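The sequence and the model are shown first.

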Amino acid sequence: MKEKEEYPVLFVGAGPGDPELVTVAGKKALEMADLVIYAGSLVSLEMLKWCQPKVRLVDSSGLVLEEVMEYMTTAWAKGERVVRLHTGDPSLYGAIREQIGRLMEEEIPWKVIPGVTAAFSAAAGLGLEYTLPEACQTLIFTRASGRIPVPEAEDLAALADHGASLAIYLSASLTEKVSVDLAGAYGKDAPLALVYRSSWPDQKVVWSTPGTLKRDMAGHGLKRQVLILAGPGVEAVAKGLSGERSKLYDGAFAHGFRPAKTGGGS
C-alpha cells in the first residue's frame, strides 16, 4: 500500500460552469493531474485545457460507480495523480461519500477541494442576497421528490413553509409539484427566478411565479439544468426593494471592531 506522503485522490469542485469560477487550488490540481475523471455532461471542457498534454481524460457521464473507482484505484496504484472533477461543489448532490468510502476501504488517501455552487453564481448575476436583515436569515438547498425520493420530513412543501430563501436543484421536470408546493407557502403570484445554466455563456434568467411556472418553463424551452429560486431575497430583487438596513455598517451599532458612532450613519 502507498505511503502517506503519496498524492491523495483529489475531488475538485469545478464550479457552476464558468472556468474562471474554479478555485486556485482546483486549477493547480488540474495542471498537475495524470488522470482526470470529469462529469462530461455538466463540466466545461474549457478548464481541461489547463491539464498537461500527457493527461488521460475520462468522461464519467456514461460510467457506473464501479467503473469510476476502477479508474481511480488503478491509476493511484501506479503513482499517478488523480483528479475527480465534479460540477459545482462536490458536497452538494455530488455522490462523493460513496466514492470516498471505497477509497477508505482501500486505504487510499483523498482530499476535497470545494467549488462554487450554482446558487451562488446565480445570486451574483442577479445581485441577490439570500439573507436579508429582518426578513430572512436562512437559505435552504433542496430538490423536489421525483425518481429520486427525498426524506418525508424534507418534502418541498414543508421546507417552503419556513418562508426562507429556497434554492431548488434538479427539479426542472417536476414543475407541477414545485408550483403547488411553492404557491402554498409564498403565494401563487410570488416571484421566482429560473436560472438556466448559471454562469455559462448561454445562461438564461426567466422570471416566473408558482402560478405560471409550468407555462414559463415550457415557453422558454427549459427542461433541465434549471435552478429555481424563491423567497424574500428573490422578491426584493424582482420588486427593486432595498429592505431593512443591516446592523453591520450601522453607525449606532457597536461591535468588537468598532464603537458606536454618535448619531448613527454609515
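## Strand S4 and its partners

Strand S2 (residues 35-38) pairs with S4 in the parallel sense, over four bridges. Within this pairing, Leu-35 lies opposite Val-82 of S4. The model is a predicted one.

S4 also pairs with strand S1 (residues 9-13), again in the parallel sense and over four bridges. Here Leu-10 has Val-83 of S4 as its bridge partner, and Val-12 stands opposite Leu-85.

## Burial of S4

Strand S4, residues 82-86, is mostly covered, with five of its five residues buried. The cover extends to both faces of the strand. Val-82, Arg-84 and His-86 are buried on one side, and Val-83 and Leu-85 are buried on the other.

## The parallel sheet

S4 belongs to an open sheet of five strands, whose order is S3-S2-S4-S1-S5 and whose pairing is parallel. Strand S3 (56-59) and strand S5 (110-113) are the edge strands, each pairing on one side only. On average, neighbouring strands of the sheet are turned by 20° against each other, direction ignored.

## Nonpolar cores

The largest nonpolar core contains 23 residues. Leu-166, Val-178, Leu-182, Leu-194 and Ile-228 have the most contacts inside this core. Two or more residues come from each of helix H5 (156-160), strand S7 (165-169), helix H6 (175-186), strand S8 (192-196), H7 and strand S10 (226-230). A second, separate core has 18 residues, including Val-22, Ala-33, Ala-39 and Leu-48.

Leaving aside residues up to four places away in sequence, Ile-228 touches Leu-166, Ala-167, Ile-168, Ser-171, Val-178, Leu-182, Ala-193, Leu-194 and Leu-213. In soluble globular proteins, nonpolar side chains tend to be buried together.

## Thr-209

Thr-209 is placed in the loop between strand S9 (204-208) and helix H7 (213-219). Its relative accessible area is 17%, and because the cut-off for burial is under 20%, Thr-209 counts as buried.

Which residues does Thr-209 touch, not counting those up to four places away in sequence? The contacts of Thr-209 are Lys-188, Asp-189, Ala-190, Leu-192 and Asp-216.

Terms used. Residues numbered from 1 in each chain as written. Predicted model: local features only at pLDDT ≥ 70, side-chain atom pairs only at ≥ 80, totals over all residues. Heavy atoms only, no water. Buried < 20%, exposed > 50% of the residue type's maximum accessible area, 1.4 Å probe, protein only. Contact = heavy atoms within 4.5 Å. Pairing = 2+ DSSP bridges. Axes fitted to C-alpha atoms, helices over the stretch in contact; angles between N-to-C directions. Core = buried A, V, L, I, M, F, W, Y, C linked by side-chain atoms within 4.5 Å.
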